[in-house]
Amino acid sequence: MHNGYNKSAQLYEEAVRYIPGGVNSPVRAFKSVGGTPVFIAKGEGALLTDVDGNTYIDYVGSWGPLVLGHRHPEVVKALQNCLEIGTSFGAPTELETLLANMIVDALPAVDMVRLVNSGTEATMSAIRLARGYTKRNKIVKFAGCYHGHADFLLIKAGSGALTLGVPTSPGVPASIAEHTIIAPYNNLDNLQEIFRQVGENIAAVIVEPVAGNMGVIPPAPGFLAGLRKLTEQYRALLIIDEVMTGFRVAYGGAQVLYDVEPDLTTLGKIIGGGLPVGAYAGKREIMSVVAPVGPVYQAGTLSGNPLAVTAGIATLQLLRQPGVYDALEQKSSRLEQGLRQAAAEAGLELTFNRVGSMLCTFFTCQPVTDYDSAAKSDTKQFAKFFAGMLRKGVYLAPSQFEAAFMSLAHSDEQIDHTIEAARAVFKEIK
Ligand code: KE4
């Protein structure tokens, strides 16, 4: 039985008076699916409870960090213990070295790590470092990929901006945007031509190794290896943005899964275990250019604070246990197969893309391999799917152009409930 959304609606009315759109990140506003956001009262395991007492099986997981589910007991315990010593000192602690060490151990391409507070800070800093190291200005990003909201990256950004239909955000001076080149994802020929023309001026290519901000799009066979070869040929850096895929698609990330060695890696989400942590990391020779060792400046009041780092350490310690990614794969495959069957029974021709525990149901019958093919999705039909699933107690990302995230906390019963809900909703919206 659904309790309706009265309390959420009331809180939303209040929130919009003090916070733009009533939210602290645009995609949460339900703009692309209609209606107003539900306000959350609590998370536990795979479940969210809203302020009206409705419970939902959660496939957003705070947009990726909660691969263990909400309030994993060992993460909660670690945080409670940390509170006995403090939250932030603005001075080095052993914990930061421990987390850096865990990341170095997990990523063969990484010798050194700098912790920051968000994925945006990580990518912004990595690009400044690449520009400082190569003494070049141009960067290449891929249409539909999202790397946070730094000015030079909000150029046809995927998440948020794409969802809001604003591919290039106002407020980005042309003098900044002109150094960012947009290339089509999964298209090496086009990138080869870009390098042929301006390769000597390119500081870095930044890529989502599995695109997760235009829905989920796997790298085409050879795409990542081709990026590596091209950047090496022109002495540009390859930055692999693993903010979403890091410790999500494999222990370490997509660079481990696809065996590609970037010059720099950006991380976030899971390495903070639900608290604000980001990182940029890479080879010692490059990271040694970062202040205070080298001249490339980057700083942060709360970077590496013990409380956030503790959540990250506890999370990675649990993720490196044997069998974790097999369990995630089994749960995610169960969901994917069930959704495929439910769609087929309803006579709906949909496209399902999945890499590990990142999944997307595209409302298009065409293969989705890049921004243009993703954009062909029927967002109105997705909106109906989203609303129907919400009413049946399944909380999906409020946008066609996001990923659904499976967690270790999702039980087979909850996955089967999701499939049954989709079976009914697919029939309703056909
Ligand atoms: P944050 O600054 O939001 O921590 O990270 C930015 C970022 C960087 N790189 C990738 C690959 C990302 O996916 C993100 C952030 N992802 C979005 C979800 N699609 C965050 C959700 C939001 O914007 O509210």
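## Asn186 and its surroundings

The side chain of N186 makes a polar contact at 2.6 Å with the backbone nitrogen of A220 and another at 3.0 Å with the backbone oxygen of T369. A polar contact is a pair of N or O atoms within 3.5 Å; within protein, one atom must be able to donate a hydrogen and the other to accept it, and residues adjacent in sequence count only if both atoms are side-chain atoms. The model is predicted, so local features need pLDDT of at least 70 and side-chain atom pairs count only at pLDDT 80 or more, while totals for chains, interfaces and linings use all residues. Residues are numbered from 1 along each chain as its sequence is written, and side-chain values use heavy atoms, with hydrogens and water left out.

N186 is placed in the loop between strand 6 (180–183) and helix 6 (188–198). Helices (H or I, at least four residues) and strands (E, at least two) are DSSP runs, numbered from the N terminus. N186 counts as buried because its relative accessibility is 19%, where buried means under 20% relative accessible area, exposed over 50% and partly exposed in between (1.4 Å probe, protein chains only). Not counting residues up to four places away in sequence, N186 touches I217, P218, P219, A220, F223 and T369; contact means heavy atoms within 4.5 Å.

## Val260 in its loop

V260 belongs to the loop between helix 8 (254–257) and strand 9 (264–267). With a relative accessible area of 7%, V260 is buried. Apart from neighbours within four places in sequence, V260 is in contact with L224, R228, L238, I240 and Q255. Between V260 and P306 there are 46 residues in sequence and 31 Å in space, C-alpha to C-alpha.

Two strands pair if DSSP finds at least two bridges between them. Strand 11 pairs with strand 12 (residues 358–362) over five bridges, and N353 has C360 as its bridge partner in strand 12. Strand 12 and strand 14 pair over two bridges, and M358 has F405 as its bridge partner in strand 14.

Strand 11 and strand 12 form a hairpin with two residues between them, and G356 in the turn has a positive phi of about 60°. Strand 11 (residues 351–355) is largely enclosed by the rest of the structure, because five of its five residues are buried. T351, N353 and V355 point one way from strand 11, whereas F352 and R354 point the other way.

## The largest cavity

The whole structure holds three cavities of 30 Å³ or more. On a 1 Å grid over the protein atoms alone, a cavity is a set of points where a 1.4 Å probe fits but cannot get out, and lining residues have an atom within 4 Å of a point. The largest cavity has a volume of about 180 Å³; grid points are joined across faces, edges and corners, and a volume is the space filled by probe spheres set on the points.

The largest cavity is lined by 17 residues, of which L359, T361, F385, L396 and A404 lie nearest its centre. Helix 11 (324–346), strand 12 and helix 13 (379–391) each supply at least two residues of this lining.

Methods:
On a 1 Å grid over the protein atoms alone, a cavity is a set of points where a 1.4 Å probe fits but cannot get out, and a pocket is an open set with protein on both sides within 12 Å along at least five of seven lines; lining residues have an atom within 4 Å of a point.
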